[in-house]
Amino acid sequence: MTSETGFESRFASNGNVKLHYIAAGSGPPIVFLHGFPDHGLGWRRQIQALSSKFRVLAPDLRGFGSSDKPRGHAHYALLPNLVQDVLAILVAEQLSQASIVGHDWGGTIAWWLAMRVPSAVRHLIILSSPHPRNYLRAMADSGNAGYFGYVRRFQEAGAAALPTPEELAAWVPDVDDRQALAASLRRSDPEAMLGYYRANVPLGRVPDIGPLPLVRAPTLVLFGTDDPYVPASAFDGTFREIDNVSATVALPGAGHFIHHQAAGFVSREIEAWVSRPPSSFRGLG
């Protein structure tokens, strides 16, 4: 148990990489995947809101917090490594399927998991993370350069471009949560965290993605209209990538970290979405 929260502290393994995750509650499983700069405990409000009805699991992604930090950018490729990490969490919990919630890089991982291993995803909930095709198209648009300049700085300057852990955690409004994130980031590996951008975002010209499998899980996408890192237009047409019922919800005035900025709303939307059997989304009558 972690003394500060009462959540369980557990580990899973993907080959030689050990992954730390926190767990709470019992019931239908939900896996929460964080982004940058964040950690598993960044989902604290959602875990507390949902753990009375669900088994909630929130890993530190590889490179972050108390999870292993293998050296070399190739270790942070979405396929197969980051997707397999999520499957390793399911194996550790003796699960074959879960509802998956992802924010930022966690959202990107969740999209790819839903496309490549659809049997593992019961429901898909995405926060502040466009479908990978739309994300790369937005990045390729020179009119969006102001949103993505930080990505190029991370790719080119490396760890020297990273602010301090305290500066990276400054977005968190709650003092205790902010201090917990800063402590977790001090345990993280800067080069590993930047490996996400180097292994998965093309340098130079951004090509379009070819054919991709449609997402088969019922999918809920939430985003803030004032996100400084993702243009709202990147969420247009999301339904075209999904072969199921989907909903895209814009939160007026919200920024990138909506699981903190609109924690109660996000938790309620997640609960409502995952409480419906997937088969019920198909019935349009």
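Which residue lies over the face of Phe 281, and at what distance from the ring centre?

Modeller: This is a predicted model, so read every value as computed from predicted coordinates. The residue over the face of Phe 281 is Arg 276, at 4.1 Å from the ring centre. A charge sits over a ring here if CZ of Arg is within 6 Å of the ring centre and within 35 degrees of the ring normal. Lys 18 lies over a ring face too: that of Phe 11, at 5.0 Å from the ring centre.

Next, rings against rings. The count comes to 17 aromatic pairs. Take Phe 64 and Tyr 196. Their ring centres are 5.6 Å apart and their planes stand at 70°, so the pair is edge-to-face; the cut-off for that class is over 60. Phe 64 belongs to the loop between strand 4 (55–59) and helix 2 (78–92), while Tyr 196 sits in helix 8 (residues 190–200), so the contact ties together parts 132 residues apart in sequence. Both Phe 64 and Tyr 196 are buried.

Tyr 135 and Phe 148 make another edge-to-face pair, with 5.4 Å centre to centre and 85° between the planes. Here helix 4 (residues 132–140) supplies Tyr 135 and helix 5 (residues 145–157) supplies Phe 148, so the parts tied together are 13 residues apart in sequence. Tyr 135 and Phe 148 are buried.

Phe 64 and Tyr 196 also belong to one aromatic cluster. Pro 37 is in the loop between strand 3 (29–33) and helix 1. A cis peptide bond also joins Leu 79 and Pro 80, with omega about 0°. Pro 80 is placed in helix 2.

Now the charges. Side chains of opposite charge can pair when their charged atoms come close. The whole structure holds 14 salt bridges. Arg 45 meets Asp 174 at 4.0 Å, N to O. This links distant parts of the chain: Arg 45 is in helix 1 (residues 44–50), and Asp 174 is in the loop between helix 6 (165–168) and helix 7 (175–187), 129 residues apart. Arg 45 is partly exposed, at 26% relative accessibility. Asp 174 is partly exposed, also with a relative accessible area of 26%.

Arg 45 also meets Asp 177 in a salt bridge, at 2.6 Å, N to O. Arg 45 lies in helix 1 and Asp 177 in helix 7, so this pair ties together parts 132 residues apart in sequence. Asp 177 counts as buried, at 13% relative accessibility.

Arg 55 and Glu 93 form a salt bridge of 3.1 Å, N to O. Arg 55 is in strand 4 and Glu 93 in the loop between helix 2 and strand 5 (98–103), so parts 38 residues apart in sequence are tied together. Arg 55 and Glu 93 are buried. Together with Glu 8 and Arg 10, Arg 55 and Glu 93 are linked in a network of salt bridges.

Gln 94 is found in that loop between helix 2 and strand 5. Gln 94 is not a glycine, yet its phi is positive, near 55°. Gln 94 counts as exposed, at 79% relative accessibility. Ser 128 has a positive phi of about 60° and is not a glycine either. Ser 128 is in the loop between strand 6 (121–127) and helix 4. At 2% relative accessibility, Ser 128 counts as buried.

How values were computed. Residues numbered from 1 in each chain as written. Predicted model: local features only at pLDDT ≥ 70, side-chain atom pairs only at ≥ 80, totals over all residues. Heavy atoms only, no water. Phe/Tyr/Trp six-rings, centres within 6.5 Å; stacked < 30°, edge-to-face > 60°. Helix = DSSP H or I, 4+ residues; strand = E, 2+ residues; numbered from the N terminus. Buried < 20%, exposed > 50% of the residue type's maximum accessible area, 1.4 Å probe, protein only. Salt bridge = Lys/Arg side-chain N within 4 Å of Asp/Glu carboxyl O.
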